[in-house]
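Q: I would like to learn how to read aromatic contacts in a model. Please take me through them step by step.

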Amino acid sequence: MADGQSISNDLSANNESQAAYVVVDAQRVIANEQGHQTDIAVTSNDSIRSGMNATVNGDVTLGTLYNMQPYGNSQPIVELTDDQIIELLNEQYTKSQLYFLQLSGLTYHYKSVNDGDQIATVSDVEVNNQPINPTNKYRILTNDYLSTGGDGYTAFTKGTIVDNAGQDIDLLTDYLQTKSPIPTPQLNRKINS
């Protein structure tokens, strides 16, 4: 990162966080480099507690990383079908949902609806720039809390845990040590149509 640079954890109008996108991009890249086949990485904005701030020398301290991810979550990899992924994404858009998914390797469009508790629905889901395929199963790296249905994301419980990529802080640390300088992610993975 540049000297004194900050990557914000504030949510955009589409409920996307640049700091959270650094985290999920890091998790997906490093998990794959370490041999854990991962198509998508997902966390919630509730799991990322601060932005990423560099020192005047451009360094990011371990303390900053622990401030961002204070829970020490392990990172299971859950296999889901296309329908289960769409269900998971739609679980963000209910009147009662407080936390929103932050995604790496996946983009989608969403549109407002007025259908009981549902306030929007997703469409045009793409995984790694390809339309989601109903004949595929996808491997989603997430944290242990979400994988058990935490924050109301019960679609995860319909999948199968097939691997574990280790601790969240280790994946992020490895990424920062090997991929610097870290670019500020664009907020373009959720498109309001």
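**Reading the aromatic pairs**

A: This is a predicted model. The structure holds three aromatic pairs.

Q: How is the pair of Tyr-93 and Tyr-108 arranged, stacked or edge-to-face?

A: Look at the angle between the ring planes: over 60 degrees counts as edge-to-face. Tyr-93 and Tyr-108 have planes at 75°, with 6.4 Å centre to centre, and the pair is edge-to-face.

Q: Which parts does this pair tie together?

A: Tyr-93 lies in the loop between α3 (82-90) and β5 (101-104). Tyr-108 lies in strand β6 (residues 106-115), so the pair joins parts that are 15 residues apart in sequence.

Q: How are the rings of Tyr-93 and Tyr-110 placed?

A: Planes under 30 degrees apart count as stacked. The planes of Tyr-93 and Tyr-110 are at 15° and the ring centres 5.0 Å apart, so this pair is stacked. The pair also links distant parts of the chain: the loop between α3 and β5 holds Tyr-93, strand β6 holds Tyr-110, and 17 residues separate them.

Q: Are these tyrosines buried or exposed?

A: Compare relative accessibility with the cut-off: under 20% means buried. Tyr-93 counts as buried because its value is 4%. Tyr-110 has 7%, so Tyr-110 counts as buried too. Tyr-108 is also buried.

Q: What do Tyr-93, Tyr-108 and Tyr-110 form?

A: One aromatic cluster.

Q: Which residue lies over the face of Tyr-21?

A: Here the partner of the ring is a charge, and the distance to check is within 6 Å of the ring centre. Arg-189 lies over the face of Tyr-21, at 4.0 Å from the ring centre.

Methods
Residues numbered from 1 in each chain as written. Predicted model: local features only at pLDDT ≥ 70, side-chain atom pairs only at ≥ 80, totals over all residues. Heavy atoms only, no water. Phe/Tyr/Trp six-rings, centres within 6.5 Å; stacked < 30°, edge-to-face > 60°. Helix = DSSP H or I, 4+ residues; strand = E, 2+ residues; numbered from the N terminus. Buried < 20%, exposed > 50% of the residue type's maximum accessible area, 1.4 Å probe, protein only. Lys NZ or Arg CZ within 6 Å of the ring centre and 35° of its normal.
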